[in-house]
Amino acid sequence: MFIQTTILVISTIGPSSVNQLTITSDVLMLLMSLHNSAAATEPTVLSAILSLFLAVLDINIASGSSGEERLVNEFAEQVMEMREWVGGIFERTPKGDDQVRMLAAGIMVKLGEVMNRYQGRLFGINAKFSF
C-alpha cells in the first residue's frame, strides 16, 4: 500500500515540481533497496515496484530534456541496474501475466528512447569512465 500511495503522490506532483531531483533520488533509492528483496517476487509487490519506477521515469521524461539528462547524468547507475532487473523480469514472467509484462515493456520502451538520445553518456558510465 505504501508503494501505491507513493505512486499516487508522484503522479499528482507531476514533472513541474521544484523537488523533482529529491523525489527522483529518494524513489530510486527506495527502488534499489526493494528490487532484490524477497518481497519483490510477490506479484502485487512486483507490480507496485514496476509502477513506481515507471512513474518516476514519466515525471522525469515529461519535464523535458533536463529531466532526461538528470536520469542519465546523476542517476545512471541506478537506472541501468533497474533496467537490467526489469529486462530480467520481462523475460522470466509467463506470457499470461499481462500486467507485469506490460509494465516491464513500458519501462523498457521509455528507457530505450532516453538511452538512444543519450547513448554516449551512458556508454561512459557502463565502461566505468566519465566524460
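View 1. Thr41 sits in the loop between H2 and H3, where the names of helices (H or I, at least four residues) and strands (E, at least two) refer to DSSP runs numbered from the N terminus. Although Thr41 and Ile89 are 48 residues apart along the chain, their C-alpha atoms are separated by 9.7 Å. Pro43 belongs to helix H3 and, at 48% relative accessibility, counts as partly exposed. Between the C-alpha atoms of Pro43 and Asp97, which are 54 residues apart in sequence, the distance in space is 9.3 Å.

**About the model shown in every view.** This is a predicted model, in which local features need pLDDT of at least 70 and side-chain atom pairs count only at pLDDT 80 or more, while totals for chains, interfaces and linings use all residues. Residues are numbered from 1 along each chain as its sequence is written, and side-chain values use heavy atoms, with hydrogens and water left out.

**View 2. Confidence along the chain.** The predictor's confidence in each residue is called pLDDT and runs from 0 to 100; the protein averages 87, and 91% of the residues score at least 70. Where pLDDT is low, the predicted coordinates should not be read in detail.

**View 3. The largest pocket.** A pocket is an open set of points, on a 1 Å grid over the protein atoms alone and for a 1.4 Å probe, with protein on both sides within 12 Å along at least five of seven lines, and its lining residues have an atom within 4 Å of a point. The largest pocket holds about 160 Å³ of space, a volume being the space filled by probe spheres set on the points. Of the 14 residues that line this pocket, Ala40, Thr41, Leu46, Ile89 and Arg92 lie nearest its centre. H3 and helix H5 (76-92) are the elements that give two or more residues to the lining, and the largest share, three residues, comes from H5.

View 4. A nonpolar core is a set of buried Ala, Val, Leu, Ile, Met, Phe, Trp, Tyr and Cys residues joined through side-chain atoms within 4.5 Å. The largest one has 33 residues, and those with the most contacts inside it are Leu31, Leu50, Phe53, Trp85 and Ile107. At least two residues of this core come from each of helix H1 (2-13), helix H2 (20-34), H3, H5 and helix H6 (98-117), with H3 supplying the largest share, 11 residues. Leaving out residues up to four places away in sequence, Phe53 touches Leu28, Leu31, Val79, Met82, Val86, Ile107 and Leu111.

View 5. Thr24, found in helix H2, is buried, with a relative accessible area of 0%. Apart from neighbours within four places in sequence, Thr24 is in contact with Val56, Asn60, Leu71 and Phe75. Glu68, in helix H4 (residues 65-73), is also buried, with a relative accessible area of 7%. The residues that Glu68 touches, again not counting those up to four places away in sequence, are Asn60, Ile61, Val114, Arg117 and Tyr118.

**View 6. Phe90 in helix H5.** Phe90 has its place in helix H5 and counts as partly exposed, at 25% relative accessibility. Not counting residues up to four places away in sequence, Phe90 touches Arg101, Ala104 and Ala105. Phe90 and Ala105 are 15 residues apart in sequence and, from C-alpha to C-alpha, 7.0 Å apart in space.

Notes. Buried < 20%, exposed > 50% of the residue type's maximum accessible area, 1.4 Å probe, protein only. Contact = heavy atoms within 4.5 Å.
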